[in-house]
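This briefing concerns charged pairs and helix packing. Please keep the sequence and the structure in view while reading.

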Amino acid sequence: MLGWEFPPFISGGLGTACYGLTKAMSNLGIQVTFALPKPVETDCEYSTHVKMLSPSSIAGEPGMKMPLEYMQAEGEYLENVKFHAIKSLLQPYSTPQEYEQHFEEMIKMKRANGKLGTPNSNHEGYSVDESASNYCGNMYNEIHRYAAAAVRLASREDFEVIHAHDWMTYPAGIAVASVTGKPLVVHVHSTEFDRSGEHVNQEIYNIERKGMHAADKVITVSHLTRNIVLTRYGVVGDKVEVVYNGVERNGNNRPPISRVGIQNDEKIILFLGRITMQKGPEYFLHAAKKVLDVMDNVKFVMAGSGDMMKRTIEMAAELGIGHKVLFTGFLRGDDVQKVYEMADLYVMPSVSEPFGIAPLEALNHDVPVLISKQSGVAEVLTHVLKVDFWDTEEMANKIIAVLKYPPLQMTLREHGNFEVRKLKWADAAENCARIYSDVIYRAQPVC
Amino acid sequence: MPSVCFYFQVHQPFRLKHYTVFDKSIDYFDDHKNSAICRKVANKCYLPTNRLLLDLIRKHDGQFKVAFSITGVLLDQFHKYCPEVVSTFDALAQTGCVEFLAETYYHSLSYLYSRSEFLEQIEKHSSMTENMFGCKPRVFRNTELIYNDELAKTIESTGQFDAIITEGADHILKGRSPSFLYRPPECENLKLLLKNYLLSDDIAFRFSNKAWKEYPLFADKFAKWVNEHNGNGQVINLFMDYETFGEHQWEDTGIFGFLESLPEEVLKNPDNNFMTPSEVIRAYEPVDTVSVPHMISWADIERDLSAWLGNAMQSNAIHEVYRLEKMIKEARDERLMTDWRRLQTSDHFYYMCTKYFNDGDVHKYFSPYDSPYDSYINYMNVLSNLQTRCKKVLKEEQPLAAVN
């Protein structure tokens, strides 16, 4: 399995999905070898309760197995999963421009010497690594370097299927497939159209298209994404199957935490996700403005970071609601848990969301959710509020209703929490296993 | 001996507009949608079925009989959107072979929340029926056939009714047959007509179900089932939504052909006949007492109230609407009163049902909303506006009262 991020080093849903899927596969007895760019330390002043592993504990040459401590830190073993870290600067949701920017920043920091790892120095989760100078400053080169490393790795490993997650691993998937002749499954967690709207990066689009066409089977996370794969990438329908994501059952009940900066009678509306065009932060703010026009004791929390963060903070100020919108920066682990515990409603106003695991996690934390109809997860959830992302008046109407009519929140929470239990990673893993047997069977030479 | 007793429920609610918390309009009801649905159902069901029934009554020389319960909210809509439907019901009334039953004018659940409002709505419905069709109803059916012993006592105390119609639920019959007349406990004269849900649902629900082992159902087969009650039953109560004909069962299922040949097939056996509910209670005596301490209804397999009151949103919404009663009645504003009463129609609460929402069954089919949550939000926003209006009217009145 070729992936880009894995807990606790994640910036979005991809890592969560890879974790959930591999864990469920491990339980099914499927042997997974997971190759990912070497996770490097990120530090964030808000993630104080997350146990971060120092880079040294997982450092090593490409291809080195993850140490056991990593698994124990997670509190459980992934019995059948082996990890291979390949050193890289890559981040799953970055653009080539950002990559170059990170690269330059890192060189600068290295020169400044001593600023490494201090709070605020990499507020937005940028990776920093002492050996950055080993890498080259071009994202596409980096992807190909990863591909080459994956091929070397493949020659030493025994496996039956190659499963590549999202575009950055497609070249590696294609390379491994062509060297080994093993069937290739590409898993589309998002497409360039989701990330960039109509302003697609042609080079990324080409990589995606090539990967999808080279694959023996394409897995999409929703019918919404399946349609994009069919219409925008010209893949034949027979080859594309939908496997919905699942969610990990959340078991720990901890005492309520103090709500710093928020008065107890104040209601909290939560946005949690990357603050990028795709996630629709400006629609959230416009809705917030409309809510605040008629209600006072409510705060809007935006948890996450991203390329629109600065613009979003400015926009909140322009709308005159700056004092009602709190930005927390990127959250991990316990901090995510905490923010869910405080929230009265989780809002995901995504413009285009292939799936959207976060609403499932919100429901798992007993938080009712309001999601945009333009999300894959809307296909599987019924006990949630749904709205068109652009219809900020309706969004505000529904936010107010949740705050104003307690039985609504209660009913959503009860039914939603029950419904979310039916979305299991085990089912996703079984679907993948079925697809594996299918491609393995087809790959056998005809006698 | 079995008499076939048809009763058709004829109802459409006043559906609400999309109404957000920001809306200030006092027009709550979706004229466009209500008119479109009313006309559509009139063309598919009410008009063709009325015509067919009229032909059948004439053809069988008055031997074919049926009963209707038409809600006040639907008659209001007929007058507004398709008055020609009213004249075809009137033509049926003129034949003398059609009985009209009483219910709450607003198809409400008022019995459960306000006894006084309940009785006022029955009175309003009875006088409307009398004005329109020339006859005061003598048989009562409550919204969704909701019933218990207490309701029977309340209805008997009005002195206006001879019988009540309700569901022949297994758990109240306890092995007895619904094909007899029964009496409620602690009532002097009131009789009970119980729905034969097996035979009723064969027509209303299973008629076009290809997986059903009796499919396809023709009138001769149905008449045979009726004949099998000879010697062991007085009456076969076939109670169903009138929209069964042409709307729930589309024309191409053959439902009209079935109805057309049914009287002939049933009357082939000289022991059979058709009767209206009032004729049934004159012709037969109750054989036993049926006790119903807990509420029943004709809905879903549970035959209880959970389709309208099964979740927190539903009970909250209905409590809120009845909490306004005192205020609304004090305000003495006709428009406010009508709006408030139209908000009592049971359909509004049915749309909020989350029971089978996942399975996409009938609840979803009948709802104008995408989800039960949307329906609750909409309803509560409207109710909140109504309350504000009401308070305003009362505030304006108070200074006047002080002067006097």
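The side chains of Lys398(A) and Asp374(B) form a salt bridge, with N and O 3.2 Å apart; a salt bridge is a side-chain nitrogen of Lys or Arg within 4 Å of a carboxyl oxygen of Asp or Glu. This pair joins two chains, because Lys398(A) lies in helix H14 (residues 392-404) of chain A and Asp374(B) in helix H18 (residues 372-403) of chain B. The model is predicted: local features need pLDDT of at least 70 and side-chain atom pairs pLDDT 80 or more, while totals for chains, interfaces and linings use all residues. Residues are numbered from 1 along each chain as its sequence is written, chains are lettered from A in the order in which they are written, and side-chain values use heavy atoms, without hydrogens and water.

**Salt bridges**

- Side chains of opposite charge can pair when their charged atoms come close.
- Over all chains, a search of the whole structure finds 49 salt bridges.
- Both Lys398(A) and Asp374(B) are buried (buried means under 20% relative accessible area, exposed over 50%, partly exposed in between, with a 1.4 Å probe and protein chains only).
- In chain B, Arg341(B) forms a salt bridge with Glu120(B), the closest N and O atoms being 2.8 Å apart.
- Arg341(B) in helix H15 (residues 334-342) and Glu120(B) in helix H5 (residues 115-133) are 221 residues apart, so the pair links distant parts of the chain (helices, H or I, are DSSP runs of at least four residues, numbered from the N terminus).
- Arg341(B) counts as buried because its relative accessibility is 7%, whereas Glu120(B), at 35%, counts as partly exposed.
- Asp201(B) and Lys195(B) also meet in a salt bridge, at 3.7 Å from N to O.
- Asp201(B) is buried at 8% relative accessible area, and Lys195(B) is buried at 4%.
- One network, made of salt bridges that share partners, joins Lys217(A), Glu241(A), Arg434(A), Asp438(A) and Arg442(A).

**Helix packing in chain A**

- The axes of helix H10 (residues 281-294) and H14(A) come within 8 Å and cross at roughly 55 degrees (axes are lines fitted to C-alpha atoms over the stretch in contact, and angles run from 0 to 180 degrees between N-to-C directions).
- H10(A) is therefore oblique to H14(A), since angles under 35 degrees count as roughly parallel, over 145 as roughly antiparallel, 65 to 115 as roughly perpendicular and the rest as oblique.
- Residues in contact (heavy atoms within 4.5 Å) include Tyr283(A) and His286(A) of H10(A), and Met395(A) and Ile399(A) of H14(A).
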